[in-house]
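User: I have a chain open here and would like to go through it with you. Can we start with one of the strands?

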Amino acid sequence: MISTPNRDDLVFPKGGWENDETVHEAACREALEEAGVKGILDEDPLGVWEFRSKSRQNCCNMEGGCRGYMFALEVTEELDSWAEQTSYKRKWLSPEEAYKFCRYDWMRDALQVFLSAIEERGSRRAEKLVELPMFPAADSMAEHQMLTSAGCSEKPPTVQHLEESFTNKCIVQG
């Protein structure tokens, strides 16, 4: 999540998208500009939320209406410096902390959808693990060689998948 000047609450990186980019490209750009992170964006949005723009919050007409597409981002790179670092500070939080400090209800809803998806994926993964054969420790090197010769490779230790950790995840909106 990111902080903004003179506020104690937090938001997920967000912003509009340019005419020459897709909503996915915009989400990645906003994560890079505001939080200084790069990664793998989930293709499907967590959802779409309608809300009022901050500058037009009290308007009674449709002016200022916004539509937010929220995506999960598996962070693979964390930059030491980024474009909007002077305006936004990056903060890594547990899901519970993120929910507590999140400024907007619609962002809390997106976080809840994300956590439900993680839970569902974890359940499906656990079911699949039951079906996998178990290898004795002595066979682990042979198993590794078999996997790498088949074109598979282990993920880098700095990249974790959605089910394994919440600490390097960020939900972004484009």
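This is a predicted model: local features need pLDDT of at least 70, side-chain atom pairs count only at pLDDT 80 or more; totals for chains, interfaces and linings use all residues.

User: What is the general rule for side chains in a strand?
Analyst: In a regular strand, side chains alternate between the two faces of the sheet.

User: How many bridges join E4 to E5, and do the two run parallel or antiparallel?
Analyst: They run antiparallel, joined by six bridges. As an example, Glu-50 has Arg-67 in E5 as its bridge partner.

User: What about E1, which strand does it pair with over two bridges?
Analyst: E1, residues 2-3, pairs with E2 in the antiparallel sense. Ser-3 has its bridge partner, Leu-10, in E2. These strands belong to an open sheet of three strands in the order E2-E1-E6, with antiparallel pairing.

User: Which strands are at the edges there?
Analyst: E2 and E6, the latter at residues 89-90, are the edge strands, and each pairs on one side only.

User: Step back a bit. What elements does the chain have overall?
Analyst: Four helices and seven strands. From the N terminus the order is β-β-α-β-β-β-β-α-α-α-β.

User: How much of the chain is buried?
Analyst: Of the 174 residues, 33% are buried. The accessible surface is about 11,200 Å², and carbon and sulfur atoms hold 52% of that surface.

User: OK, the core. Which residues touch the most other members of the largest nonpolar one?
Analyst: Phe-12, Met-70 and Met-107, out of 28 residues in that core. The elements that each supply at least two residues to this core are E2 (10-11), H1 (23-35), E3 (37-41), E4 (47-52), E5 (65-78) and H3 (105-131). H3 gives the most, with six residues.

User: What is Met-107 in contact with?
Analyst: Apart from neighbours within four places in sequence, Met-107 contacts Val-11, Phe-12, Lys-14, Met-70 and Cys-102.

User: You mention a cysteine. How many disulfides are there?
Analyst: Zero, from a search of the whole structure.

User: Is Cys-102 buried or exposed?
Analyst: Cys-102 counts as buried because its relative accessibility is 3%, under the 20% cut-off. Cys-66 is at 25%, between the 20% and 50% limits, so Cys-66 counts as partly exposed.

User: Changing topic to glutamates. Is Glu-30 buried or exposed?
Analyst: Glu-30 lies in helix H1. Its relative accessible area is 6%, so Glu-30 is buried. The side chains of Glu-30 and Arg-29 are joined by a polar contact of 3.0 Å.

User: Where does Glu-77 lie, and what does Glu-77 touch?
Analyst: Glu-77 is in strand E5. Leaving out residues up to four places away in sequence, Glu-77 touches Gly-36, Val-37 and Lys-38. Glu-77 counts as partly exposed, because its relative accessibility is 37%.

User: What separates the C-alpha atoms of Glu-77 and Leu-32?
Analyst: A distance of 9.8 Å, with the two residues 45 apart along the chain.

Technical notes. Residues are numbered from 1 along each chain as its sequence is written. Side-chain values use heavy atoms; hydrogens and water are left out. Buried means under 20% relative accessible area, exposed over 50%, partly exposed in between (1.4 Å probe, protein chains only). Accessible areas come from the Shrake-Rupley method with a 1.4 Å probe; for residues, only the protein chains shown count as cover. A nonpolar core is a set of buried Ala, Val, Leu, Ile, Met, Phe, Trp, Tyr and Cys residues joined through side-chain atoms within 4.5 Å. Contact means heavy atoms within 4.5 Å. A polar contact is a pair of N or O atoms within 3.5 Å; within protein, one must be able to donate a hydrogen and the other to accept it, and residues adjacent in sequence count only if both atoms are side-chain atoms. A disulfide is a pair of cysteine sulfur atoms within 2.5 Å. Two strands pair if DSSP finds at least two bridges between them.
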